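Biologist: Can you take me through the salt bridges in this one? Start with the terms, please.

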Amino acid sequence: MIFSADDHAYMARALRLAALGLNTTTPNPRVGCVIVRDGVIVGEGWHAKAGEPHAEVHALLAAGDKAKGATAYVTLEPCSHFGRTPPCADGLIAAGVSRVVAAMTDPNPQVAGRGLEKLRAAGIAVASGLMQAQAEELNVGFISRMTRGRPWLRLKVAASLDGKTALNNGVSQWITGPDARRDGHRWRARSCAMLTGIGTVRDDDPQLTVRDIPVTRQPLRVVVDSRLETPLNARILEGGNVLIAAAVQDEKRIAALQQRGAEVLVLPNGQDKVDLPRLLAELGTRGINEIMVEAGFKLNGSLLREGCVDELIIYQAPVLLGDKARGMFDLAELSDLSRKQILHITDRRLLGQDLRMLARFKPAG
């Protein structure tokens, strides 16, 4: 399929609209829609929140009668099933649009091409795949949950130039500067859940809330705490919306944490630790699309070893902490460089004096 320069421009606009829901649409995907007739945008919209109208509905309302004979540019295939809202494919058909261009098909098995097929059956010209990579990146977590049954997991590390994340006594606040920390809160805001370990709870007593930017919701906070050692006065327990993942069935301790408003989920593996892949699968069933990890080197290493990490966000500050300080990941020593894990850096930029790198693991082979 060959798309025109105008097609690209209108889809780029739809993607910008979709990004307006970056922090709010969970568990739904981020979607934008632009309706164009005779070279003029007559309606546009985006999905803001689960349960509220989808992007196509907002755009059609704005377009009114001008939608007839128009082209609708949508960043995700219009839905064909009844959920909390009616099917968007039906709305486009009823409005009389003549062409629909979708950036990507919907990975949701309830849709998965059915929306586009319904439009074709109604005599509407349909095309898909325009700016697909950008659309997939915008909804990488939703795609992960729909295709793998687990969220997309980003592991954030703040480190010195010599790769250290904390002093040997556990002190880590603050290695990076305010610009990097503010950027970290932006990543928190788009995440459905924050994940940390009991070591970080004890050493740093974090809240793991979004504070530096305005938000309308806070992510679920998840603590990996195999032996249920979370202090009852820990700040992470304040305000509820906390899940403690444990490996022991200590009824007294569970009841005490529940009294503080936390939910406790017991998921042991064969080594008396929390089964991390099972935890991710459980979070997937709860509609969690994206997880951001802010933990210590031990949990970081465990997540890497068990294949749970999809992406790294590394902030490096121009400081040195010395050989005895704690590293980024608790991983086994390699005796052969051929066994090294290779990553692909997808973005790098300066934030104040700190360098931020985004990296993903290269597929095997």
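Modeller: Buried means under 20% relative accessible area, exposed over 50%, and partly exposed in between, with a 1.4 Å probe and protein chains only. This is a predicted model, where local features need pLDDT of at least 70, side-chain atom pairs count only at pLDDT 80 or more, and totals for chains, interfaces and linings use all residues. Residues are numbered from 1 along each chain as its sequence is written, and side-chain values use heavy atoms, with hydrogens and water left out.

Biologist: How many salt bridges?

Modeller: The count is 26, taking a salt bridge as a side-chain nitrogen of Lys or Arg within 4 Å of a carboxyl oxygen of Asp or Glu.

Biologist: What does Asp-183 pair with?

Modeller: Arg-186, with the closest N and O atoms 3.4 Å apart. Both lie in helix α7 (residues 178-190), 3 residues apart, about one turn of the helix. Helices (H or I, at least four residues) and strands (E, at least two) are DSSP runs, numbered from the N terminus.

Biologist: Is Arg-186 buried or partly exposed?

Modeller: Partly exposed, at 39% relative accessibility, while Asp-183 is buried at 6%.

Biologist: And which residue does Glu-290 bridge to?

Modeller: Arg-190, the closest N and O atoms being 3.0 Å apart. That pair links distant parts of the chain, with Glu-290 in strand β11 (residues 290-293) and Arg-190 in helix α7, 100 residues apart. Glu-290 is buried, at 1%, and Arg-190 is buried too, at 11%.

Biologist: Which residues are linked with them in a network?

Modeller: Arg-30, Glu-137, Arg-154, Glu-311 and Arg-360 are in the salt-bridge network with Arg-190 and Glu-290.
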